[in-house]
Amino acid sequence: MPELRRPSRLAPGARVAVVAPSGPVPEERLQAGLDVLRGWDLDPVVAPHVLGRHGELDYLAGPDGARAADLQGAWCDPSVDAVLCARGGYGAQRMVDLLDWEAMRAAGPKVFVGFSDVTTLHQAFATRLGLVTLYGPAAAGADFIKNARAQQHLRTTLFAPEDARTIASAGATLVPGRARGVTLGGCLALLATDLGTPHAHDGARGGLLLLEDVGERPYRVDRALTQLLRGGWLDGVTGMALGSWEECGPYDGVRAVLLDRLAGLGVPVVEEFGFGHCAGALTVPFGVAAELDADARTLTLHQPALR
């Protein structure tokens, strides 16, 4: 798996567009997130459908074409330096095939941030644009607007990425060893659902896989991992750094599933790296060469996520 192209870091005064490729956003949370960004001396602009709702499917922030137009318009706007997703939810799969990837490639590299359902777009940005992306807090997410750790780690990654090259686990080593590879991953359920679709990675060969999920009972975590295993998607993966498993049941049960399904791969696996759907979620990049040291329980990037 090759390293991807790194966008430029942000500087004070940078213009950032906030989009909603999936679900709609409560206005008070959006305004709170914008206030945080303004406090970082950024200039946030809001895409037209961030506060919108689909007329019949109220879990979507507007029709698929409108959400796609918001993202593409923000990406292709030369005055915009970064595109931040307002939230996850559901809907990115419905709009990803409507994006004009040639036009977005011509617009050049810029920073892209989001997590959860946005996993679908992270995969597409890697395979279609060859671009490093940031799996980090949603700009209008409840955790982001309230949690200083989530805010500070994203801010450091955006402005001084050399200071965010190492992430330490708060948990245990599940399978010992050291591994190198290029980071990829995201929300487990989305990776399993994306299997075989046009913009997804063909597999994790040569990659360090970063995995997390929310609200999936242990048997459903098992089902998604088993789908990736049976599909050969995990063949050749070099190691795994696991994030949060919020609302997935008692963690001992989740850990048992992770060990049962992953230990047989014979690669290092470390839990609780603090990214995903947890309080104070950290920002992790996809597409950057890194080393996982399972004994030290650290994930270290070979170079900063942004130039």
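Mentor: Happy to! Let's start with helix α9, residues 218-230, and helix α10, residues 251-262, which pack with their axes 9 Å apart at an angle of about 15 degrees. Keep in mind that this is a predicted model. Angles under 35 degrees count as roughly parallel, so α9 is roughly parallel to α10. The crossing of α9 past α10 is right-handed.

Now look at who touches whom. From α9, the contact is made by Pro-218, Val-221, Asp-222, Leu-225, Thr-226 and Leu-229. Facing them from α10 are Gly-253, Val-254, Val-257, Leu-258, Arg-261 and Leu-262. Sorted by class, that contact has eight nonpolar, two polar and two charged residues.

An open sheet of eight strands runs in the order β6-β14-β13-β8-β9-β10-β11-β7, with mixed pairing. At its edges stand β6 (166-168) and β7 (173-175); each has a single partner strand, so one side of each is left without a neighbour in the sheet. Further in, β8 (residues 178-187) pairs with β9 (residues 207-214) in the parallel sense, over six bridges. There you can find Thr-183 opposite Leu-208 in β9.

Finally, some charged pairs. The whole structure holds 13 salt bridges. One of them joins Arg-94 to Asp-64, with the closest N and O atoms 3.0 Å apart. Arg-94 lies in helix α3 (residues 92-95) and Asp-64 in helix α2 (residues 64-76), so this pair ties together parts that are 30 residues apart in sequence.

Key:
Residues numbered from 1 in each chain as written. Predicted model: local features only at pLDDT ≥ 70, side-chain atom pairs only at ≥ 80, totals over all residues. Heavy atoms only, no water. Pairing = 2+ DSSP bridges. Helix = DSSP H or I, 4+ residues; strand = E, 2+ residues; numbered from the N terminus. Axes fitted to C-alpha atoms, helices over the stretch in contact; angles between N-to-C directions. Parallel < 35°, antiparallel > 145°, perpendicular 65-115°, else oblique. Left-handed = near helix turned anticlockwise from the far one by under 90°. Contact = heavy atoms within 4.5 Å. Nonpolar A, V, L, I, M, F, W, Y, C, P; charged D, E, K, R; others polar. Salt bridge = Lys/Arg side-chain N within 4 Å of Asp/Glu carboxyl O.
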